[in-house]
Amino acid sequence: TGISVSMLPGIVIAAAFALLLLLLLRGSATRLKRILSERSGRRRLRRVLRKRSPDLIENLIIPGAYGGLTKIDCAVLTSGGILCIQVKHCDGIVFGSEKEPQWKNVAGVRQRKFLNPVIQNAGRTKALQNVVPEVPVANLVVFTGPARLTAPKVRNAVRLRDLDGYIAKFVFGPCRIKDWDGVWLTVKSAALTDEDSARDFRAQLSFS
């Protein structure tokens with residue numbers, strides 16, 4: 001008995017194939033876990049926002065503040081104005097300050113850099129402000145994953161678990177708006193929901 005020399009190449013190939021399959025399955029499982037975690041975070045975010053206001057729009061495409069189109073993750077109407085929310089999902093630790101152009105996410109051995117979401121969302125906030133110029137619109141970034149944000153704190157970037165308290169304490173200041181229903185109708189009317197706009201926005205992303 002035993003393994004003959006002629007059998008070795010086949011065994012090596014089979015072992016390599018098994019290892020490759022294991023890596024592919026592990027990668028797929030990791031991606032699936034992340035997708036499910038992101039969806040769960042979105043659902044929890046939706047629950048928190050709807051508890052505060054029934055007026056919520058997700059994935060709102062409108063004309064950009066400086067041309068083109070922009071997509072707002074969440075716009076929610078509060079008693080004093082509109083929160084323009086960008087949603088980020090991260091594990092591990094997030095490093096970044098209010099004025100840094102890039103932030104870094106470290107999760108175990110994995111590191112990645114991404115655009116400062118507060119700066120990125122400022123353009124979207126401006127675009128929404130252009131739709132309702134008389135209404136206060138605030139820029140807010142919400143992290144839905146278990147990520148820990150490093151000090152110093154960025155005033156308009158919060159974790160999901162802190163969002164309800166943030167909204168409760170957030171004050172836009174004096175506001176003379178009387179017809180909030182009209183305001184929200186204006187926002188919904190500005191939404192570009194046709195397929196051509198969605199296609200144009202996807203094309204815009206591919207060139208960015």
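Reply: We'll go through the sheet, a helix, the cores and the salt bridges. Keep in mind that this is a predicted model.

Me: Which strands form the open sheet, and in what order?

Reply: Four strands do, in the order β6-β5-β4-β8. The pairing is mixed.

Me: Which strands stand at the edges?

Reply: β6, residues 110–115, and β8, residues 148–149. Each has a single partner strand, so one side of each has no neighbour in the sheet.

Me: In what sense do β4 and β8 pair?

Reply: They pair in the parallel sense, over two bridges. Strand β4 covers residues 93–95.

Me: What stands opposite V94?

Reply: L149, which is in β8.

Me: New topic. How many residues has helix α2?

Reply: Helix α2 has 15 residues, 117–131. From first C-alpha to last, α2 reaches 21 Å. That is close to the 21 Å expected at 1.5 Å a residue.

Me: What caps its N-terminal end?

Reply: N116 caps that end of α2. A side-chain oxygen of N116 lies 2.9 Å from the backbone nitrogen of V118.

Me: And which residues of α2 are buried?

Reply: P117, V118, N121, R124, T125, A127 and L128.

Me: L128 again. Which residues have the most contacts inside the largest nonpolar core?

Reply: L60, I82, L128 and V187. That core has 19 residues.

Me: Which elements each supply at least two residues of this core?

Reply: Strands β1 (56–63), β2 (69–77) and β3 (82–88) do, along with helices α2 and α4 (180–190). Helix α4 gives the most to this core, with five residues.

Me: What about a second core?

Reply: A second, separate core has 17 residues. L83, L140, L163 and I167 are among them.

Me: Why would nonpolar side chains be found together?

Reply: In soluble globular proteins, nonpolar side chains tend to be buried together.

Me: On to charges. How many salt bridges does a search of the whole structure find?

Reply: The search finds eight salt bridges.

Me: Which residue does E58 form a salt bridge with?

Reply: E58 bridges to R46. Their closest N and O atoms are 2.7 Å apart. The pair links distant parts of the chain. E58 is in strand β1, and R46 is in helix α1, residues 8–52. The two are 12 residues apart.

Me: Why does E58 count as partly exposed?

Reply: E58 has 25% relative accessibility. Partly exposed runs between the 20% cut-off for buried and the 50% cut-off for exposed, so E58 belongs there. R46, at 28%, also counts as partly exposed.

Me: Where do R199 and D196 lie?

Reply: Both lie in helix α5, residues 195–207. They are three residues apart, about one turn of the helix.

Me: Are R199 and D196 buried or partly exposed?

Reply: R199 is partly exposed, with a relative accessible area of 41%. D196 is partly exposed too, at 44%.

Me: Last one. Which residues do salt bridges that share partners join into one network?

Reply: R42, R46 and E58.

Terms used: Residues numbered from 1 in each chain as written. Predicted model: local features only at pLDDT ≥ 70, side-chain atom pairs only at ≥ 80, totals over all residues. Heavy atoms only, no water. Pairing = 2+ DSSP bridges. Expected span 1.5 Å × (residues − 1). Buried < 20%, exposed > 50% of the residue type's maximum accessible area, 1.4 Å probe, protein only. Polar contact = N/O pair within 3.5 Å; in protein donor to acceptor, adjacent residues only side chain to side chain. Core = buried A, V, L, I, M, F, W, Y, C linked by side-chain atoms within 4.5 Å. Salt bridge = Lys/Arg side-chain N within 4 Å of Asp/Glu carboxyl O.
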